Amino acid sequence: MTTTLEIDLADILEDKYPHGFHVPVDIDIGSFLEFADDDWMHKIDIEDLLAAKRLIGIVWNVQLVLDERPDLTDDQAWKVLQVCQPRLEEVTDPIRATIRQQADGLFPKPKGKAALRAQLARIERAIEALPEDECTDPAAYGSVAAELDTVATLVKGD
């Protein structure tokens, strides 16, 4: 599904610069827009904008509510949708389960040495996230060092 948003740049510019703006000469936005060779309506592909920032958006509309409750008016369905919005934005256990299931289907978890290397990479990222100065958080450094000693002992087979 492609969701586009139509934006009227003329309205935006007139709202932002109601008295025009100053460059080397004063330009009245209304006059500029009136004589410009553009209709100032531009479509923006929301999915493309979000994808550029590695985001997704879930768009809900009143039709979803009306499908469940056809007796409601559009305004009532809109009110229901607005009240539901905070709950629809929550990351719940079923959503997390869906994400795990899809990730496992697309990218099966590594096994054997590959799994150990992946775990070591996660540990390395955690170490990089520690403060540079050990005395800032000595307990974190101590617990990580102890765990790494245990791993080293297990890998050596001692």
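This note sets out points on a predicted model, covering its pocket, core, salt bridge and some individual residues.

1. Basis. The model is predicted: local features need pLDDT of at least 70, side-chain atom pairs count only at pLDDT 80 or more, and totals for chains, interfaces and linings use all residues. Residues are numbered from 1 along each chain as its sequence is written, and side-chain values use heavy atoms, with hydrogens and water left out.

2. Largest pocket. Its volume is about 320 Å³. A pocket here is an open set of points on a 1 Å grid over the protein atoms alone, where a 1.4 Å probe fits, with protein on both sides within 12 Å along at least five of seven lines. Grid points are joined across faces, edges and corners, and the volume is the space filled by probe spheres set on the points.

3. Pocket lining. Lining residues have an atom within 4 Å of a point. They are I58, W60, W78, L81, Q82, Q85, L88, E89, E90, V91 and I95. Helix α5 (residues 74-88) gives the largest share, 5 residues. Helices are DSSP runs (H or I, at least four residues), numbered from the N terminus. By class, the lining holds 7 nonpolar, 2 polar and 2 charged residues. Ala, Val, Leu, Ile, Met, Phe, Trp, Tyr, Cys and Pro count as nonpolar; Asp, Glu, Lys and Arg count as charged; the others, Gly among them, are polar.

4. Nonpolar core. The largest one has 5 residues: V65, L66, L72, A77 and L81. Helices α4 and α5 are the elements that give two or more residues to this core. Such a core is a set of buried Ala, Val, Leu, Ile, Met, Phe, Trp, Tyr and Cys residues joined through side-chain atoms within 4.5 Å. Buried means under 20% relative accessible area, exposed over 50%, and partly exposed in between (1.4 Å probe, protein chains only).

5. Leaving aside neighbours within four places in sequence, L81 is in contact (heavy atoms within 4.5 Å) with W60, N61, V62 and V65. V80 lies in helix α5. V80 counts as partly exposed because its relative accessibility is 33%. V80 touches V65 and L72, not counting residues up to four places away in sequence. V80 and L66 are 14 residues apart in sequence and 9.9 Å apart C-alpha to C-alpha.

6. Salt bridge. How many does a search of the whole structure find? The search finds 1. D71 pairs with R69, the closest N and O atoms being 2.7 Å apart. The criterion is a side-chain nitrogen of Lys or Arg within 4 Å of a carboxyl oxygen of Asp or Glu. D71 is exposed at 51% relative accessibility. R69, at 42%, is partly exposed.

7. R54. This residue has a positive phi of about 60° although it is not a glycine. R54 sits in the loop between α3 (46-52) and α4 (62-68). Its relative accessible area is 78%, so R54 is exposed. R54 and F21 are 33 residues apart in sequence, with C-alpha atoms 35 Å apart.

8. S143 is partly exposed at 40% relative accessibility. G142 is partly exposed too, with a relative accessible area of 38%. The C-alpha atoms of S143 and P18 are separated by 61 Å, the two residues being 125 apart along the chain. For G142 and V80, 62 residues apart along the chain, the C-alpha separation is 52 Å.
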